[in-house]
Each structure stands twice: as structure tokens, then as C-alpha cells.
Amino acid sequence: MEARIESTMKKYFGRGIDQCTNDEIAQGLLIMTKQEMENRPSISGDKKLYYISAEFLIGKLLSNNLINLGLYEDVKAALAKHNRSLVEIEECELEPSLGNGGLGRLAACFLDSIASLGLCGDGIGLNYHFGLFEQKFTNRKQQELKNPWIAQNNWLEKRDISFEVPFRKTTVKSTMYDIDIPGYEVEGVNHLHLFDLDSVDNGLVGNDSIDFDKYDVEKNLTLFLYPDDSDRQGQLLRVYQQYFMVSNGAQLILHEAKERGVDLHKLHEHVAIQINDTHPSMVIPELIRLLQIEGFTMDEAIDVVSKTCAYTNHTILAEALEKWPMDYLEEVVPHLLPIIRELDNRVRKNVKDETTYIIDKENRVHMAHMDIHYGYSVNGVAALHTEILKNTELNNFYKLYPEKFNNKTNGITFRRWLLHCNPELAEYITSLIGADYKKDATKLEGLLAYESDEAVLAKLAEIKKHKKQEAAAFLNNTQGLNINPDSIFDVQVKRLHEYKRQQMNALYAIYKYKEIKAGRKPSKPITMIFGAKAAPAYIIAKDIIHLILCLQDLTANDPEVAPYFRVVMAENYNVSKAAKIIPAADISEQISLASKEASGTGNMKFMLNGAVTLGTEDGANVEIGELVGDDNIYIFGEKPDAVIDLYAKAAYDSNAIYEKDEQIHELVDFIIGDEMQKLGDMENLKRLHHELISKDWFMTLLDLKEYIETKEKVYADYEDQKSWNKKCLVNIAKAGFFSSDRTIAQYNEDIWKLK
């Protein structure tokens, strides 16, 4: 391996390892790894999966690919001979910016597991030039900048496949790029197909914002993931993006099917299409359109497509169940409207319940409705989420198609989230139970044999302490945040959304600040760590970030408080930063309003790394609790059924709670109090204050008192380190269920049936 790396460096940079910079070595390793993957065959099979998703949050790929290819340890050892650290070299890689949050991270995990199980399945998405955005903190506020992640040497490989995509006003010709996806200890590779336009102009976007001309689609189509949709043109651009993605995907599917000699009338026997959330829903009418061009009747095309497409529902939030006005579709894809109308008419002939119609009274097309009627499977992503879909949110559809509904609890690529980001823990686990868990995560249960072994528990605590030291050094080096590695690390890192209730955690921070100022100091210092991006047009979410950043400075600069309590926020939170922060966490904050989080996958990553969950009875928290037992998780808050009932009866009144409860009144008013006025922008803070007392749609104040009480108990229990370390061990041991290998095996067994 040493000679191979040396040869690569000399070939591309004219110098050996010792003379090359870390950045050059990173580039050389990327080239070498790409060549290794290109020399491996594509995974094949009689039936192929196409996983279509607007997001693939794949993270940095070098180490993950080296691990899956079985080269990581050899490369690490070869570089060490030259006093080079692979960990430091990894830092030089730019992180692909192709996703936002859980939806995209899940899609990335799935591609990894599909390949690792040797299944024939590719991803289909878009090649966003600047991704979501790069987050900068300026004046204690989020600022959005473009994120140019595509370096000269990158994982993308331009293919000679392109398709014509017809819009109303123009027809464009796509370019396809591939990123190879190697499975863990599997000889072949799958692919992530990303479509783009050569005419896209990066120069449309300045250096100090993410604004651009939204009208020139041929120049802006793939600049950003989720372009600002606060105006009509931004919304139309999203329709353009979605159709561009699915038209290319559908054409690729048919192209490859023909190459394989598939009878298109039996497409469903050789192809499975998974629609990941509602963004790719137009693949249904597009595939029907293309099959008609192939000579199919409407009946034949609808029949084949309905047996080929399956739909994953990721949320019950109305904002994510897309409904596009017909006039938008008329402006972008008028050729799909006759098909969509026909699909709707067929539903109306057979179904009396107008809530299930595809086109509603306001002339909007409900994408999820189309997916459910004309797909053969509908799955939720956690046991609780699926039951909510069946019993309330999609009950009208469940009554029509009970056989279509099924649950597939989410999972994570545990190799990335353990072997890569926490190698010390992985090596220690291997020394205790062997290496079989790297292929079969359920083998982690072997750790339970050491539940009362004081030496093992002490070693787990030692590894955690080391990861906290690393995370503290990282936050200091990157943001100048000076935090105590010997403090309790209480962590909430995830997309910023009111339903995830970062605002409730911030109110707890205010509570703890006030307690310390009153002389009630914690026996163990506490560091609360946040990390989150807010969508650029999501004003209240950005106000919550402003509050957290004000609390960061408030706690840091008060000499009475700083030794005991700090609030910090990681800037530009992404997969790479998650890999630094998650292994260091003691407490995993999973505090979404019960019934609102479909699953969560961060909760699984924290669990795998020995953090203890503090959460509501929501999403996969429920299954985590069932696995680890009540003694090894902290659950608080109103139950899902009660929350759903409050919404149904419009019975929640945050102002009544605010006026009635003196403590809550004080905590909420602190947001606009004297201390915050010195640090914050009162327009932002007053708007957030008003939101909490007048609307509070995700019921922050409902659970706040019990949250404070439960969190105090968690901190108290942490004092008994032997007992706490036992909780950590049980969480690690039970995390194997949440491997995405298990999830994918279930998808395949129940839905895809790949051969």
C-alpha cells in the first residue's frame, strides 16, 4: 500500500508522500480510491432498485470508502510510516453538499447498506452546485453563503449519458454524473446518479449571500438544494427541479431496462422505484407518459407503473406533503396535466371520499395522494409514525388500501457512525466481542455480558472522556469556543425546526442560568451543545438560532456562570461535525413534540456511541425505549394520542399557560428582558417571544415544566458514574437493531423483492 500511495503521488504531483502537502495526499487518495472502485464490477441482478430522492447527505467519502473497500487500516499504517495522520488528511476533503437533514442522511445510509447487502440498487438525484448553504454566524445571527463543494478533484464521474427534458417554454439536455457506492466487504459497487445542466452558471450567485436570478432556469436549475420558495418564482423553480430529476430518472430506468432486454410490459418484475418523500412524485405521471410513447395504452401504462412504484412517507407535517397548484404545473410541465387529471378521474370513479382525491377543490395536486393511489406500497419510518399514518393522518387511505401500508423503522450506517467516527470505541468493542458486529450489528448485544464489569465500564468512560477532549479542541480550533471537557455534554444537533423544539432547550438554558445567578450551582459543570441550520425563509427558526447565540455569549461572559454552565452552538453543522460531536455526547436531546418526528436517526447515532436519550414518546425514541428499558432512557412529556387530540380540538392555549404559571412566565419573558436586550436584536427576540405566547404551534410550553424536572434528574443521575456508564453500555449493546442493513433487508423482503 505504501508503494501504491507513493506511486500515485509521484504520478499526479511529481513528488513522494514526504514532499506532498496533506491536501495533495487527500487528492491522491481520492484518485486512488476512485480507480479502485472503477475497477470493480457494478452489482447486478435480475431486478434493480432505483431510489429517487431530492437529497443524499453523503458526507465526506474518503474514509467511508476506504473502510468499505477494506483499505482503511492499510492506508492509515502506510501514511503513519511517513508521520502523516489519515485523520488530519481527511479534514482536507470538502463535504458534498447534496442534502439537508434526516431525509438526505437516511438516503445516504440506504445506498451504503444496499451495496453492503450486495443488492442491485442505484440512487437518483440532482447535482446541486452549492448544496443547501454554508452557515456563518454574524452578529449572533445565521448568515447563508453559497457552499462550493465541487473541487477540481472530486468523487463525481461524468458519464456519456444524457436525456432531453421537456418544459413548457424550453427543452433542456441533461448531463449525468455518477458517484460510486462501494458496499462493506462486497466486491461490486452501486452508483448514485446525479443529473445536471451544462448551462448552469455559478456566477449568478455572489459571495456574500445565496440570492440569484430565479427566472433563468437553464442557468439556475441545479445551483441550490431547496431554493428559497417564499415567492412564486422560487416555488416554480422547485417544480422545475423536481420534474428535471424524475424525467431524467424515468428515462434512465427505461434506457437501462431496454439495455437489459426487459419487456417493458413486465417492467415491475425487473424494476422497483422507491419514491423518497413527495419530491419525486412526478415520476408516476412521467413514467406513464414515456410508456405511452413506447406504444402503451393509458390503461397498460398505469397498470405497470402502479406495480413498480413504492412510496416512503417521512412526515405528517403539512408543509412536507407537497400540494402544487395546477397553474404551476401548467406553467412548467403542461404535458403531465392530462395524465394527472386522468389519474384523479379514475380515483373519483371508484372512491366517494373527496379527501383522497389527487386534485382538490382549490385546484391543487396532492403529491402524496398520487403516490398512495398509484404505488403498491406505503411505508412509515418508525413504528409509532406508521401507526399514526394508519390511524389518523392517512386513515382515509388506510381504509382503502390496508394491504399497502407497512412500517420500516429507519436505520443508520453504523460502520460510519462507529468504526469511522469513534475508532477507539470500535477497537475496544472488537477486543471484547470480536469483529462480527461489523457485518451484523445485532452482535453488539454481546456487550451485555460486561454490564457489571467495572473495568469495562471504566474503559468506556475513559474513551468518552477522550472524545470529549477531542470535540472541545475541535470547537476551540474552529470557532474559538473554550469549553470544559470535564463537563456534562448535553447535545441537541439536528435541523432547526419548531417541532424539534430547540426553543424548549433554550428555555431550559435560561432556567439554569437563573438558577446559578440565584446561587444554586450544579455539582458538575454542564455544556449544552447545539448545532442546526434554519431554512433561509424560516424566520422563527432563525430567531431561535439568534436566541441560542445570545445565550452562548451570555453564559460565556458571566464569571458567575461560565465555570458551571455554558451554551455553545456549532457553526455550519454537517455530517463531518456530527462525527466529531456525537461520540462526545453524554446526553442525546430528542425532544420533538410527540407525534411529530417520524423517526429521527440522530437518536440512533448517539445511542450507538454511548449517549443516553432524553426524549419524548416520539418517533424511534419509542423503539429505543423498548430496547434499552425504562432505566436506560429518560422519557417525558405529553403522549402522542393526547397531542393529536389537542390539535383535533384546537384545545391548546399557550397564552393561558404563560399567564397561569409564574415560572414559565419568567422564563419566556427573559427572552425580551434586560440581559438579552444588551446582546440581541429586539425585533427577532420580540417576534419569538410573541410566537411562544400567542401561538406556540408545537406546544413548547405544554412540556416545559416536565422537561426541566426530567433534565434535572438526568444531571443528578450522572453523578453516579458507575450506574451511568452501565446505561451507556446498554445503549451501545442495543443499538444494533438500528442498523440500516436491517432496514434495507426488510425493505427488500417486503417491498422490493430484488433477485
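Are Phe130 and Phe224 buried or exposed? I looked them up, and both are buried (under 20% relative accessible area, with exposed over 50% and partly exposed in between, using a 1.4 Å probe and protein chains only).

Note on the model: it is predicted, so I kept local features to pLDDT of at least 70 and side-chain atom pairs to pLDDT 80 or more, while totals for chains, interfaces and linings use all residues. Residues are numbered from 1 along each chain as its sequence is written, and side-chain values use heavy atoms, without hydrogens and water.

Aromatic pairs: I searched the whole structure and got 19 (Phe, Tyr or Trp rings, the six-membered one for Trp, with centres within 6.5 Å; planes under 30 degrees apart are stacked, over 60 edge-to-face, the rest tilted). Phe130 and Phe224 have ring centres 5.6 Å apart and planes at 55°, so I logged the pair as tilted. Phe130 sits in the loop between β2 (121–126) and β3 (134–138), and Phe224 in the loop between α7 (217–220) and α8 (232–259), so the pair ties together parts 94 residues apart in sequence.

Helix α30 (residues 700–718): I checked burial, and the buried residues include Tyr707 and Tyr715. A kink of about 35° is centred on Glu706 (the angle between axes fitted to the seven residues ending there and the seven starting there).

How values were computed:
Helix = DSSP H or I, 4+ residues; strand = E, 2+ residues; numbered from the N terminus.
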